[in-house]
Amino acid sequence: MKKIVLSVIALVLTLGLNAKNPEGEKQRPAGLNKTAAGCNQTTATIDLDINNVRARIMTGGDAWWDRAAGAARYAVPKNGNANALFAGSIWIGGIDQATNSLKVAAQTYRTSGNDYWTGPLDEFNGASVDFQTCSEWDRFWKINRTDVNNFVTLAEACGNSPGCIFAAGNNVPDVIKEWPGRGANSASGAKTAVGATGSLLNVPDRQMAPFVDVDGDNVYNWLKGDYPEILGDQYIWYVFNDKGDAKTQTQSDAIGVEIHLGAFAFATSDCLNDATFYNYRVHNWSTSIIDSTYMATWTDADMGFAGDDFIGCDTARGLGILYNGDGYDETGIGYGYDIPMVGVDFFRGPRIDNPNFPNTSNKRYIELKMSVFTYFNRGVGPSGDPQIAAEFYNYMTGSWANGARFKWGCDPFNGSGANASSVFPDDPCKGGISEPDCGNAPFDRRFVHSAGPFQLIPGIVPSDITIGAIWVPDAGS
């Protein structure tokens, strides 16, 4: 890695193989019985594409690939043939305090099943969801900053008068009319989105998609001047859960989590133009505290051609890195000799209560940073793709699939070093513990970085993580 690469990444922090068999996972039995909802597998897809990146997002909690084609869909530059990422998703796992049982929600390639379905949960009815809700919420809300600014200008010119705004409604994008911000406080506790077209959405009477409540009535209504509150120059929002059906990816019982995803990007003239960002807001609507919780992001990062990559991490920045293991990335599907590098950064981890507040600290909460960085290889076995809940949780907490701890040094699997929470943390340009300095052969790697442990408490206060995918051109091998 060149010094310029690290300085560009530091700047960002201050502010594929084109088609492949992704897993080589084992075929497993159906697992748990279906839940009452029996929701269908999610199908909706959309692209985040405001800047130099075209990033595919799917409503099943996964991103960056085309499931039907088995092909990468994280193109950068967005009009080129090469992709820097193949797939990724959020993983959550911990111990149910009431039953002392491990519960995990995770997703990889859906070859063995699903752990996530769309729609909000009914927090007043056992964190349940029904088939209709899953179906109606299998969609995205995508909006550009210019649409928001234009609407705000229109509403202010109308003095936020409903009649005036309605008269000008033909100039208001449907996404603003249908924004699922918050439902009315009614006997049913929900409402149909004002001005919605197509499927009628019951929006819970609580914060859903973020919005600016101009009139302060705690309900989203664009006719009164309310508008989406977004990050970046383009913003995509949707909601998913782990209660829609039997979880056949991890074979775990449901936690009862509802996850709000806000994906966003900036159109700029600097390195942010090559980056995308993802905020996951996690609600636990069950009645159980989940102890020893870890929240993780799993990344299958393929720098063009998938079979010749190295991984590493910057523990200070919470950054997982993938770079080419040789000097040439196969053309047609790769970057040729102009090889970039990609990083996935843990910008923000979940917040926990500060045990020293207020006695010795004025900070009410502590924000967890990346505490674990692990990896595994394509295939099955103790260092391969996880198959069941315990194996997913092991990777999140610093162990291989079989429960053996990662070891410090060049041989994280068989080495004699001390237990390690992060692997390959050194810059290969400076020497130390890195894949090329250790003499490793490049391969198709997947990596996991996570924050924990903490308690995932039931109730209205969510836990958040925010990650960014950062692409740096001309990094070399």
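I counted 31 aromatic pairs in the structure, where rings of Phe, Tyr and Trp (its six-membered ring) pair if their centres lie within 6.5 Å, and planes under 30 degrees apart count as stacked, over 60 as edge-to-face and the rest as tilted. The model is predicted, and I kept to its limits: local features need pLDDT of at least 70, side-chain atom pairs count only at pLDDT 80 or more, and totals for chains, interfaces and linings use all residues. Residues are numbered from 1 along each chain as its sequence is written, and side-chain values use heavy atoms, without hydrogens and water.

**Entry 1: rings**

I looked up Trp91 and Phe376, a stacked pair at 6.4 Å centre to centre with 20 degrees between the planes. Trp91 lies in strand S7 (residues 87–96) and Phe376 in strand S24 (residues 372–377), so the pair ties together parts 285 residues apart in sequence. Here helices (H or I, at least four residues) and strands (E, at least two) are DSSP runs, numbered from the N terminus. Trp91 is buried at a relative accessible area of 0%, and Phe376 is buried at 1%; buried means under 20% relative accessible area, exposed over 50% and partly exposed in between (1.4 Å probe, protein chains only). I also noted Trp400 and Phe406, whose ring centres are 3.9 Å apart and whose planes are at 15 degrees, so this pair is stacked. Both Trp400 and Phe406 are buried.

I then traced a cluster linked by ring pairs, with Trp91 and Phe376 among its members, including also Trp65 and Tyr395.

**Entry 2: strand S19**

I found 6 of the 6 residues of S19 (residues 309–314) buried. On one side these are Asp309, Ile311 and Cys313, and on the other Phe310, Gly312 and Asp314. S19 pairs with S20 (residues 319–324) in the antiparallel sense over 6 bridges; strands pair if DSSP finds at least two bridges between them. Phe310 has Tyr323 of S20 as its bridge partner. The two strands form a hairpin with 4 residues between them, and Gly318 in the turn has a positive phi of about 65 degrees.

**Entry 3: backbone**

Most residues other than glycine have a negative phi, and most peptide bonds are trans. I listed the exceptions below.

- The Val76 to Pro77 bond is cis, with omega near -5 degrees.
- The Gly452 to Pro453 bond is cis, with omega near -5 degrees, and Pro453 is in strand S25 (residues 445–456).
- Asn160 has a positive phi near 55 degrees and is partly exposed at 26% relative accessibility.
- Ser292, in strand S18 (residues 290–300), has a positive phi of about 50 degrees.
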